[in-house]
Amino acid sequence: MGRPKAWLPFGDETMLQRVIRLLGEVVRPIVVVAAPGQDVPPLPPDIVTVRDEERGRGPLQGLAAGLSALRGRAEAAYLSSCDVPFLRPSFVRRMIDLLDDRAICVPFVDGFHHPLAAVYRVEILDSVTQLLSENRLRPVFLFETASTRIVEARELIDVDSDLQSLRNLNMPEDYEKALDDLRRSETV
């Protein structure tokens, strides 16, 4: 993107503030995981911010930090990136409902797992830590070792018909298109 996604303006809030607001309609507590030394926009006082232990080790490192912060406070966590401004609370609710008795519930859409739109039980922290110690940083390694519920698109479209909850913004043109879509939706 060329600049910190968390700080990108989106409507009258930053991208991170928007995602937190949307998640707050479904889950509590909310934990924000930031990289070492990363600045985050101002957040409500009830939001807990923790840091990755190491920079650049991907989503498993962030998951470990988040699950550690939630130990004793929650049974499971919905993991989200900060660049999904069209996240639908109904999508998050559905993913939580589909977790059932599994350790993980992850969407598999368009031939890809979406580990940053998945639900993880706090109890898998030890497995995450083990994978990190082995330098096995891909989330799929966790899906292979833990009881995982794979969710197909057809199980989600009734709560998010165009699966906008999975639409993340990686490039400046993605961001510009999202802003255009936001403006159009506000005029309808």
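**Reading a predicted protein model**

Guide: Let us begin with Asp158, which is exposed, with a relative accessible area of 57%. Buried stands for under 20% relative accessible area, exposed for over 50%, and partly exposed for what lies in between (1.4 Å probe, protein chains only).

Visitor: What kind of model is this?

Guide: This is a predicted model, where local features need pLDDT of at least 70 and side-chain atom pairs count only at pLDDT 80 or more, while totals for chains, interfaces and linings use all residues. Residues are numbered from 1 along each chain as its sequence is written, and side-chain values use heavy atoms, with hydrogens and water left out.

Visitor: How many helices and strands does the protein have?

Guide: Helices (H or I, at least four residues) and strands (E, at least two) are DSSP runs, numbered from the N terminus. Here you will find 6 helices and 9 strands.

Visitor: What radius of gyration would a compact globule with 188 residues have?

Guide: The radius of gyration is taken over C-alpha atoms, and the globule rule is 2.2 Å times the number of residues to the power 0.38. For 188 residues that rule gives a value near 16 Å, and the protein agrees, with 16 Å. Its C-alpha trace spans about 50 × 40 × 30 Å along the principal axes.

Visitor: What share of the residues is buried? And what share of the contacts joins residues 24 or more positions apart?

Guide: Buried residues are 47% of the 188. A contact means heavy atoms within 4.5 Å. Among contacts with a separation of 6 or more, 64% join residues 24 or more positions apart.

Visitor: Which residue has a positive phi near 60 degrees?

Guide: That is Asn135, a residue other than glycine. Asn135 sits in the loop between helix H4 (125–133) and helix H5 (139–145), and Asn135 is exposed at 51% relative accessible area. Leu163 is not a glycine either, and has a positive phi of about 50 degrees. Leu163 belongs to the loop between strand E9 (148–152) and helix H6 (172–187), but counts as buried at 14% relative accessibility.

Visitor: Where is the cis peptide bond?

Guide: Look at the bond from Arg28 to Pro29, where omega is near -5 degrees. Pro29 is in the loop between helix H1 (15–24) and strand E3 (31–34).

Visitor: How many salt bridges are there?

Guide: A salt bridge is a side-chain nitrogen of Lys or Arg within 4 Å of a carboxyl oxygen of Asp or Glu. By this rule the count is 16. Asp158 lies in the loop between E9 and H6 and Arg94 in helix H3 (residues 89–99), so the pair ties together parts that are 64 residues apart in sequence.

Visitor: Is Arg57, which pairs with Glu54, buried or exposed?

Guide: Arg57 is buried, at 15% relative accessible area, whereas Glu54 is partly exposed at 42%. The closest N and O atoms of the two are 4.0 Å apart. For Arg136 and Glu134, which also form a salt bridge, that distance is 3.5 Å. Arg136 is partly exposed at 29%, and Glu134 is partly exposed at 39%.

Visitor: Which residues are linked in a network of salt bridges?

Guide: Follow Arg167, Lys177, Asp181 and Arg184, which are linked in such a network.
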